[in-house]
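Please keep the sequence and the structure in view while reading.

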Amino acid sequence: MVIGNGMIAKRFGSYGHNDQWLVFASGVSHSLSVSEEEFAREKTLLQSALEKHPGKTLVYFSTCSIYDPSLQHSAYVKHKLAMEELIRSTTPQFFIFRVSNPVGKTNNLHTVLNFFVEHIRTGTFFTVWKYASRNLIDIDDMYRICDHIMQSGLFRNQVVNVANPVNYPVTTIIAAIESHLEKTGHFSLSEQGNSPLIDTSAIQPLFGQLNIEFDQHYLEKLLRKYFPQI
């Protein structure tokens, strides 16, 4: 079964009627959230799901923001680490996927590309962290990697990073969006930002098996796929 109704939950919809799995995709979706109410809601929902379905294998989506020096001490990251520990201490069968920034069709304007695309399209002013980088992965590639791991029983009862092996400087992302939309963004640069240091060595052998290419055109392909020119 699948719990959730967002982009990740929808992509894992094929597991919706599978009694073996409990795919929990109803977590806090905004990495800058400081809402204790949202964190408590996720914890309560997760505990309830585990109590109701003790025989299922849990799949939980955590975050690669854990590896970003500018975010690793945030309330959101602390919450996700607490959920990971809750799972490890109470659940006999699980997969925890620490995911970077999945890109897909979603109305959530807090995702990295959605935020920048929307601001550049509308000419809305925004501030850019000059030294920040972000890790982007196609939701379809993320799904294929996770699905393969689940079906093959790899990394059972472990935490595994699911991310692009390459980070993109935010300034590079913005330049790519401007070129794609043929519009100039209205923004200022702030002298701050860091890059997440994500170890993807565990899953890199899967890239070739699954024909996933994180090449120099990956960002461009994401924009063409999910953000058609208007």
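The paragraphs below treat the basis of the model, then helix packing, then salt bridges, and finally some backbone angles.

The model is predicted: local features need pLDDT of at least 70, side-chain atom pairs count only at pLDDT 80 or more, and totals for chains, interfaces and linings use all residues. Residues are numbered from 1 along each chain as its sequence is written, and side-chain values use heavy atoms, with hydrogens and water left out.

Helices here are DSSP runs of H or I with at least four residues, strands are runs of E with at least two, and both are numbered from the N terminus. The buried residues of α4 are V112, L113, N114, F116, V117, H119 and I120. A residue is called buried under 20% relative accessible area, exposed over 50%, and partly exposed in between, using a 1.4 Å probe and protein chains only. The cover over these buried residues of α4 includes the strands β5 (101-103), β6 (126-129), β7 (133-134) and β8, together with the helices α6 and α8.

Not counting residues up to four places away in sequence, H119 touches T124, F125 and F126, where contact means heavy atoms within 4.5 Å. After α4 comes G123, which has a positive phi near 70 degrees.

How do α4 and α6 meet, and at what angle do their axes cross? Their axes come within 10 Å and cross at roughly 50 degrees. Axes are lines fitted to C-alpha atoms, for helices over the stretch in contact, and angles run from 0 to 180 degrees between N-to-C directions. The two helices, α4 and α6, are therefore oblique to each other; angles under 35 degrees count as roughly parallel, over 145 as roughly antiparallel, 65 to 115 as roughly perpendicular, and the rest as oblique. The crossing of α4 past α6 is right-handed, a term used if the near helix is turned clockwise from the far one by less than a right angle, whereas anticlockwise is left-handed. From α4, the residues L113, F116, V117, I120 and R121 make the contact, and from α6 the residues V170, I173, I174, I177, E178 and L181. By class, the contact of α4 with α6 has 9 nonpolar, no polar and 2 charged residues. In this scheme Ala, Val, Leu, Ile, Met, Phe, Trp, Tyr, Cys and Pro are nonpolar, Asp, Glu, Lys and Arg are charged, and the others, Gly among them, are polar.

Helix α6 (residues 170-181) also meets α8: their axes come within 10 Å and cross at roughly 45 degrees. These helices, α6 and α8, are therefore oblique to each other, and α6 passes α8 in a right-handed crossing. In this contact, T172, I173, A176, I177 and H180 of α6 face L219, L223 and R224 of α8. The residues of the contact of α6 with α8 comprise 5 nonpolar, 2 polar and 1 charged.

The next topic is the salt bridges. A search of the whole structure finds 13 of them, each being a side-chain nitrogen of Lys or Arg within 4 Å of a carboxyl oxygen of Asp or Glu. One of them joins K225 and D138, at 2.9 Å from N to O. K225 lies in helix α8 (residues 218-226) and D138 in strand β8 (residues 136-138), so the pair ties together parts that are 87 residues apart in sequence. K225 is partly exposed, because its relative accessibility is 40%, whereas D138 is buried at 7%. R11, D138, D140 and K225 are linked in a network of salt bridges.

Other salt bridges lie within a helix. In helix α3 (residues 75-90), R88 and E84 are 4 residues apart, about one turn of the helix, and their closest N and O atoms are 3.7 Å apart. R88 is partly exposed at 38% relative accessibility, whereas E84 is buried at 0%. In helix α5 (residues 139-152), D141 and R144 are 3 residues apart, again about one turn, with a salt bridge at 3.4 Å between the closest N and O atoms. D141 is buried at 9% relative accessibility, and R144 is partly exposed at 31%.

Finally, two loop residues deserve a look. F155, in the loop between α5 and β9 (159-162), has phi near 55 degrees, a positive value in a residue other than glycine. N211, in the loop between α7 (204-209) and α8, likewise has a positive phi near 55 degrees without being glycine. N211 is exposed, because its relative accessible area is 63%.
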